[in-house]
Number of protein chains: 2
Amino acid sequence: MIILKIGGNILNKPDALAAALDYFAALEGPAVLVHGGGRKASEVIAAMGMEPKMIDGRRITDAATLEIVTMVYGGLINKQVVADLQARGRNAIGLSGADGNAVLAEKRPVKTIDYGFAGDVLGADGSLLWQLLDAGLTPVMCPITHNGKGQLLNTNADTIANETAIAVARARPEEQVSLRYCFEFPGVMHDIKDPESWIPELQPSSYAAFKAAGTIVGGMIPKLDNAFAAVAAGVGEVIIGDLPALQAGKGTRIIGGS
Amino acid sequence: MIILKIGGNILNKPDALAAALDYFAALEGPAVLVHGGGRKASEVIAAMGMEPKMIDGRRITDAATLEIVTMVYGGLINKQVVADLQARGRNAIGLSGADGNAVLAEKRPVKTIDYGFAGDVLGADGSLLWQLLDAGLTPVMCPITHNGKGQLLNTNADTIANETAIAVARARPEEQVSLRYCFEFPGVMHDIKDPESWIPELQPSSYAAFKAAGTIVGGMIPKLDNAFAAVAAGVGEVIIGDLPALQAGKGTRIIGGS
């Protein structure tokens, strides 16, 4: 059982998206695709004469922005990806967190920054996803959630992928769940300028050592913290890499243990 | 088994939409909601500095317009309605025609008018809809379809409702399917200015007589032709009325026979 997350580096380039969908559509057995938003939401915001609001690289979701991300993530990107997978013979079905109550969230509490209608995930419904998979359907999840009271919320796509992987693993502990993050590097890198320097495998102890040595820094840390949380919660493995790495069975494999 | 279609007269007014969703959410047994697009697509088109293109009241769907209707119908309206139904305790799941291959269409052939990416429905998948309904899910369908080759298409929501009703009736002939069109009048009217003049029941013979007498004219004729096609194809009844009429078990009931 494979969960693949694709982000802006794929969604912004038609050729890269086509290659990623070829790879995903050909995966054997049950699979779930999670997509982010890419640049399109910012383009639509600009086309409507608004300013994208970001703080530290994170989008501030006011009411007008929520409408646009709901349109772009839930409508434009999700429906086109579903249609593209149908064309590849994969019977895809698009889901926001509201659909089938797949992912319940709460509006992020305001501390120093008010992120607006940003959703923090409370949990994904693994049983629903298995029910759809058992029916031969391939869920395609967009990063829009809801709070169960009629409020849609904008949610980080990595978090959707992570929580979904945890939920399907918990719902069927006998299944081996592989969560794959397709990003812009061949893996977690010793040296970001040397494409050969990817780390084949990380366990909690080696991860701690790399962090202590300053090899793993910045934005990789929350990503890897989430990955280790997923394997601790029952996900079999998390693999991080670019599309060629994933296709070749390479990338950085994050596993449990010590 | 009830299929309810709501259009612009409901979607454009928050109070009317809330009342229609209250009615729909409280329906007993399996139900499917089909929604149109309302004015929102034209608003977004205008906000992006484009001109809505219409000929004889029908939208011309060029590539940019297709992007916008996909965003508005498949994203904004569909996800908000799903979230609103979740808030009412109904486990809704949004579907375009691409999702689960629910509604397959073909691009409308160009005759005198090129409608662009307008989709003529080839058929809906009644088995898929029953599968979702049996799983306790309530499909919410937007008027975006696909051609199975990766092309999304803009489709008339009345047609989606009609074809869906026919497909679920064919997939389970033992079920009584009731197709309900929520529109702006209490029913098909003798006199459009007299709200008491609604016709309680139409059969093919009385419909022919009303048409011959000039009582039923204009835009009601394609709507009723579709309704009679649905009952001829196995749908138990079609009811046309406004929300108060539907709530009161009134409206014009279209049935088969002679």
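Biologist: How do you know how much area chain A and chain B bury between them?

Modeller: The size of an interface is often given as the accessible area lost when the parts come together. In this predicted model, chain A and chain B bury about 2,900 Å² between them, with 66% of it on carbon and sulfur atoms. On the chain A side, A:Met71, A:Leu76 and A:Lys79 supply 19% of the area buried against chain B, more than any other three residues.

Biologist: And how many residues of each chain are in contact?

Modeller: There are 39 residues of chain A in contact with 39 residues of chain B.

Biologist: What makes A:Glu67 and B:Lys40 a salt bridge?

Modeller: Let's set the value against the cut-off. The closest N and O atoms of A:Glu67 and B:Lys40 are 3.2 Å apart. A salt bridge needs a side-chain nitrogen of Lys or Arg within 4 Å of a carboxyl oxygen of Asp or Glu, so a pair that meets this rule gets the name. The count between chain A and chain B is four salt bridges. Twelve residue pairs across the interface are in polar contact as well.

Biologist: Which elements of chain A supply the side that touches chain B?

Modeller: Helices α3 (40-47), α4 (63-87) and α5 (126-134) and strand β5 (92-95) each supply at least two residues of that side. The largest share, 15 residues, comes from α4(A). By type, the side of chain A that touches chain B divides into 18 nonpolar, 15 polar and six charged residues.

Biologist: Now to a single residue. Why is A:Lys223 called buried?

Modeller: A:Lys223 has 18% relative accessibility. Buried means under 20%, so A:Lys223 counts as buried. This lysine lies in helix α8 (residues 220-232) of chain A. Leaving out residues up to four places away in sequence, A:Lys223 touches A:Asp158 and A:Phe183.

Biologist: What makes the pair A:Lys223 and A:Asp158 a polar contact?

Modeller: Their side chains make the contact at 2.9 Å. The limit for a pair of N or O atoms is 3.5 Å, and within protein one must be able to donate a hydrogen and the other to accept it.

Biologist: Is B:Gln80 buried, partly exposed or exposed, and why?

Modeller: B:Gln80 has a relative accessible area of 28%. B:Gln80 sits in helix α4 (residues 63-87) of chain B. Not counting residues up to four places away in sequence, B:Gln80 touches A:Gly150, A:Leu152 and B:Gly75.

Technical notes. Residues numbered from 1 in each chain as written. Chains lettered and ligands numbered in written order. Predicted model: local features only at pLDDT ≥ 70, side-chain atom pairs only at ≥ 80, totals over all residues. Heavy atoms only, no water. Contact = heavy atoms within 4.5 Å. Buried area = accessible area lost by both parts, 1.4 Å probe. Helix = DSSP H or I, 4+ residues; strand = E, 2+ residues; numbered from the N terminus. Nonpolar A, V, L, I, M, F, W, Y, C, P; charged D, E, K, R; others polar. Buried < 20%, exposed > 50% of the residue type's maximum accessible area, 1.4 Å probe, protein only.
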